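The report below is written for a reader who wants to go through the model element by element. Please keep the sequence and the coordinates open while reading.

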Amino acid sequence: MSRLITRRKLISSIGAGGAGVMLSGCDQLGSSEAFGEKFLSYGNWLSYRVHRLIGASSMAREYSPSEMSPNFRTNGSTEPLSGEYQQFAANSFSDWQLKVDGRVRAHRSFSLAELQAMPARSQITRHDCVEGWSAIGKWTGVPLSKVLDEAGLLPDARFIVFHCADNIGLSTYYESIDLVDAFHPQTILAYGMNDAALPVGHGAPIRLRVERQLGYKQAKFIMRIEAVASLSEVGLGKGGYWEDSAGYDWYAGI
Ligand SMILES: Nc1nc2c(c(=O)[nH]1)N[C@H]1C(S)=C(S)[C@@H](COP(=O)(O)O)O[C@H]1N2
Ligand SMILES: [Mo]
């Protein structure tokens with residue numbers, strides 16, 4: 001039985017009456033008020049705690065090259081329309097800089113060439129969109145942990161927020177993850193897809209791959225990464241564009 005099925009079974013068995021046992025286990029890790037009651041629904045908080053108890057460091061499944069999808073569709077924004085982004089794209093992102101700020105020791109910026117010169121990781125993984133489609137693709141990029149280590153997180157940093165270039169509705173797209181996912185070895189800032197430069201439609205110059213989460217967490221067109229102490233500092237307080245505007249779960253673990 002795969003680990004994924006085991007997790008799902010465990011989560012549903014909790015729904016069927018195991019909650020008392022698991023909750024006392026969770027309480028030892030910290031109360032819901034201390035961690036997220038304000039931005040997580042009870043069900044989402046429970047699934048978050050269960051995943052974290054079972055395996056903070058378990059790896060998402062990786063696939064072989066022969067399993068890669070011949071067509072990996074694009075979804076959501078496929079091209080930011082701002083003049084600033086258009087100019088970056090026109091110069092192949094040679095003038096673009098990733099800003100890293102917020103609760104870090106030193107505000108930093110990194111050019112694309114600097115990110116590409118850092119240690120790289122490639123992985124072939126399956127992307128699952130809540131709209132009901134999946135695709136397997138190969139992603140190459142720098143582990144987010146390397147970038148965060150260069151900036152140096154301050155002790156009160158708890159979440160990493162990704163600010164994107166595309167305007168969607170009334171604001172730009174944004175998403176956030178906790179530090180367990182941020183420092184997970186498969187969490188990368190991808191500048192390559194399927195052995196080529198990351199195309200604009202898929203999020204050039206860099207997009208997040210956080211492989212144990214659903215599609216909407218995979219922020220494209222990242223301009224700025226911000227470390228925050230609390231998600232109440234971000235947007236409407238639920239941690240992401242879809243979480244704030246459409247009630248999607250912040251913790252989209254799969
Ligand atoms: N900046 C930004 N990131 C985004 C989106 C978006 O609209 N804007 N859509 C999300 C959703 S819902 C999905 S499924 C994936 C789609 O990634 P793809 O275009 O590479 O298939 O990007 C995610 N990241
Ligand atoms: Mo999606």
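**The chain as a whole**

The structure is a predicted model, and its chain contains 7 helices and 10 strands. Of the 254 residues in the chain, 50% are buried. When contacts between residues at least 6 apart in sequence are considered, 68% of them join residues at least 24 apart. The chain exposes about 11700 Å², and carbon and sulfur atoms supply 53% of that area.

**The ligand site**

Ligand 1 is surrounded by 21 residues, of which the closest are Arg73, Ser77, Asp166, His202 and Lys220. Sorted by class, this shell holds 8 nonpolar, 9 polar and 4 charged residues.

| Atom of ligand 1 | Side chain with the N or O atom | Distance |
|---|---|---|
| nitrogen | Asp166 | 2.7 Å |
| oxygen | Arg207 | 3.0 Å |
| oxygen | Lys220 | 2.6 Å |

On its own, ligand 1 has 530 Å² of accessible area, and the protein covers 99% of this area. The elements that contribute two or more residues to the shell around ligand 1 are β3, residues 121-129, and β5, residues 159-168.

**Aromatic pairs**

A pair of aromatic rings is described by two quantities, the distance of the centres and the angle of the planes. The count of aromatic pairs in the model comes to 14.

How are the rings of Trp250 and Tyr251 arranged? Their centres are 6.4 Å apart and their planes stand at 45°, so the pair of Trp250 and Tyr251 is tilted. Trp250 has a relative accessible area of 3% and is therefore buried, and Tyr251, at 6% relative accessibility, counts as buried. Elsewhere in the description of ring pairs, Tyr173, Tyr174, Tyr216, Tyr241, Trp242 and Tyr248 are linked into a cluster.

Leaving aside neighbours within four places in sequence, Ile225 is in contact with Leu98, Lys99, Val100, Asp101, Leu144, Leu148, Ile160, Val161, Phe162 and Leu189. For Asp101, which is 124 residues away from Ile225 along the chain, the C-alpha atoms of the two residues are separated by 6.4 Å.

Ala197 has its place in strand β8, residues 196-197. Is Ala197 buried or exposed? At 62% relative accessibility, Ala197 counts as exposed, since the limit for exposed residues is over 50%. Apart from neighbours within four places in sequence, Ala197 is in contact with Tyr191 and Gly192. Ala197 and Trp139 are 58 residues apart in sequence, and their C-alpha atoms are 9.9 Å apart in space.

**Backbone details**

Most residues other than glycine have a negative phi, and most peptide bonds are trans. Against that background, a few places in the model may be worth checking by eye.

The peptide bond that leads from Ala204 to Pro205 is cis, with omega near 5°, and Pro205 is found in the loop between β8 and β9 (207-209).

Ser92, a residue other than glycine, has a positive phi near 50°. Ser92 lies in the loop that runs between α3 (83-90) and β1 (97-102), and at 57% relative accessibility Ser92 counts as exposed.

Asp195 is not a glycine, yet its phi is positive at about 65°. The place of Asp195 is the loop between β7 (188-193) and β8, and Asp195 counts as exposed, with 61% relative accessibility.

Methods: Residues are numbered from 1 along each chain as its sequence is written. Chains are lettered from A and ligands numbered from 1 in the order in which they are written. This is a predicted model: local features need pLDDT of at least 70, side-chain atom pairs count only at pLDDT 80 or more; totals for chains, interfaces and linings use all residues. Side-chain values use heavy atoms; hydrogens and water are left out. A residue is near a molecule or strand if one of its heavy atoms lies within 4 Å of it. A polar contact is a pair of N or O atoms within 3.5 Å; within protein, one must be able to donate a hydrogen and the other to accept it, and residues adjacent in sequence count only if both atoms are side-chain atoms. Accessible areas come from the Shrake-Rupley method with a 1.4 Å probe; for residues, only the protein chains shown count as cover. Helices (H or I, at least four residues) and strands (E, at least two) are DSSP runs, numbered from the N terminus. Ala, Val, Leu, Ile, Met, Phe, Trp, Tyr, Cys and Pro count as nonpolar, Asp, Glu, Lys and Arg as charged, and the others, Gly among them, as polar. Buried means under 20% relative accessible area, exposed over 50%, partly exposed in between (1.4 Å probe, protein chains only). Contact means heavy atoms within 4.5 Å. Rings of Phe, Tyr and Trp (its six-membered ring) pair if their centres lie within 6.5 Å; planes under 30 degrees apart count as stacked, over 60 as edge-to-face and the rest as tilted.
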